[in-house]
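The paragraphs below walk through a few parts of this structure, beginning with a term that the reader will need. Please keep the sequence and the model in view while reading.

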Amino acid sequence: MKITIVTPRYPPTMKGGGERSVQLLANHLSDSSRIDDLTVFSFDGTKQEQIDGVSVCRLGSPSPLFTEYQNVAAVPKLRERLSEFDVVHAYNMELHPAVGYLSSKLDIPSVGTLNSYHFFPKSVSNTTPSPLERLYELVGHPTTNKLLLRYMKQIYHFTALSKSVRDIYTDRGFDRDRISVIPNMIDPLFTVPESSTADDQYSLLYVGTVSETKGVHHLISAMTKLPEEYRLRIVGGGDVDRFRSLADRLDVLQRIEFSGWVQHDQIAAAYASADMFVHPGIWPEPFGRTVIEAMQARLPVVCTDIGGPPDIVRDEEMICEPANPDDLAATIQHTRSLDRDVGTANRKYVLDRYSPSAIGSQYIDLYDELDSSAD
């Protein structure tokens with residue numbers, strides 16, 4: 001079976017966790033005895049190269065500003081190339097309409113991974129649009145965006161990273177029967193050094209963008225309700241100065257370290273220095289790669305009950321109400337008080353549930369099913 005993945009970007013070109021996720025999937029597929037050939041087509045340069053045994057063909061760099069132009073420019077570059085494959089898999093959203101259109105025209109089975117809300121108004125994800133995004137919502141959504149969604153829906157089958165993503169797409173008119181929930185896989189090479197936490201303090205960790213959408217202000221507020229021995233480290237870029245000022249006003253700045261953005265290969269050390277990971281999000285984040293990384297690192301994880309993270313954490317004792325600092329603080333303290341080794345159980349769970357072999361097999365089974373139905 002010959003598979004191709006179409007993605008706007010592929011490492012080393014990075015925009016976020018989506019590029020790492022598609023690379024992990026491609027690496028697993030290229031190693032699978034069930035896949036005869038795998039090629040990745042991306043739109044972030046002109047090189048044709050082998051990366052970790054994966055054939056990557058970069059087809060230029062159309063404007064990332066206008067999704068309509070991206071798709072129009074991608075169609076002629078993909079049309080002849082896709083015809084030699086049994087299944088085409090669209091990843092990282094922007095080019096889903098082009099893949100849907102070509103899949104229908106060329107009669108090639110297709111899969112589209114739903115890992116963002118790219119074609120929906122910001123209100124769907126409980127976020128505020130920028131002025132340019134608001135203008136596009138007023139002008140583009142009633143016109144060209146409707147056409148993009150129509151072509152995107154021509155993809156044969158979709159995979160959602162979480163039940164929350166599936167529900168949001170179903171509510172927006174997508175066929176629920178054509179959406180399977182397949183989460184991201186762990187990075188098997190992600191390793192964490194030995195723990196280096198201080199005995200006289202209890203260290204909380206947050207990793208991600210420092211923004212209101214991520215609920216960081218609620219986590220800072222929760223610190224006012226936690227005893228003095230609790231410390232918080234915030235790792236990530238964003239509106240750091242604003243949130244540092246908030247911590248100062250709430251008189252908890254002395255207990256919070258703002259580390260700023262760090263290289264991904266340095267994040268493992270942050271996990272090693274923590275006693276618990278906290279995900280305080282207030283928007284329906286499609287998945288939550290930092291959550292499975294923290295669980296790989298043997299950390300207890302507390303998250304809010306919104307988006308993909310509750311699918312991963314599972315234990316209701318460690319899930320709290322979004323945008324509620326009181327409940328967040330109480331859940332943190334309760335999780336700390338549990339008399340079982342939560343961190344070790346977390347690691348075992350994610351190594352089993354989110355391993356490349358477990359997640360990759362689900363995708364290959366889906367490819368097989370679509371390829372067989374097309375014969």
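Helices here are DSSP runs of H or I with at least four residues, numbered from the N terminus. The model is a predicted one, and with this numbering in hand we can turn to its second largest pocket, where α13 gives the most to the lining, with four residues. Helices α9 (264–272), α12 (325–337) and α13 (342–353) each supply at least two residues of that lining. The space in the second largest pocket amounts to about 460 Å³, and its lining comprises 25 residues, of which S195, A297, R298, L299 and G343 lie nearest the centre. Sorted by class, the lining holds twelve nonpolar, six polar and seven charged residues.

Another part to consider is helix α6, which spans residues 163–171 and in which S164, V165, R166, I168 and Y169 are buried. The cover over the buried residues of α6 includes the strands β6 (110–114), β7 (157–160) and β8 (179–181), together with the helix α5 (144–152). After α6 comes G173, with a positive phi near 100 degrees.

Is S125 buried or exposed? Its relative accessible area is 6%, and because buried means under 20%, S125 counts as buried. The side chain of S125 makes a polar contact with the side chain of T127, at 3.0 Å, and, leaving aside residues up to four places away in sequence, S125 touches Y117, W283 and P284.

Key:
Residues are numbered from 1 along each chain as its sequence is written. This is a predicted model: local features need pLDDT of at least 70, side-chain atom pairs count only at pLDDT 80 or more; totals for chains, interfaces and linings use all residues. Side-chain values use heavy atoms; hydrogens and water are left out. Buried means under 20% relative accessible area, exposed over 50%, partly exposed in between (1.4 Å probe, protein chains only). Contact means heavy atoms within 4.5 Å. On a 1 Å grid over the protein atoms alone, a cavity is a set of points where a 1.4 Å probe fits but cannot get out, and a pocket is an open set with protein on both sides within 12 Å along at least five of seven lines; lining residues have an atom within 4 Å of a point. Grid points are joined across faces, edges and corners, and a volume is the space filled by probe spheres set on the points. Ala, Val, Leu, Ile, Met, Phe, Trp, Tyr, Cys and Pro count as nonpolar, Asp, Glu, Lys and Arg as charged, and the others, Gly among them, as polar. A polar contact is a pair of N or O atoms within 3.5 Å; within protein, one must be able to donate a hydrogen and the other to accept it, and residues adjacent in sequence count only if both atoms are side-chain atoms.
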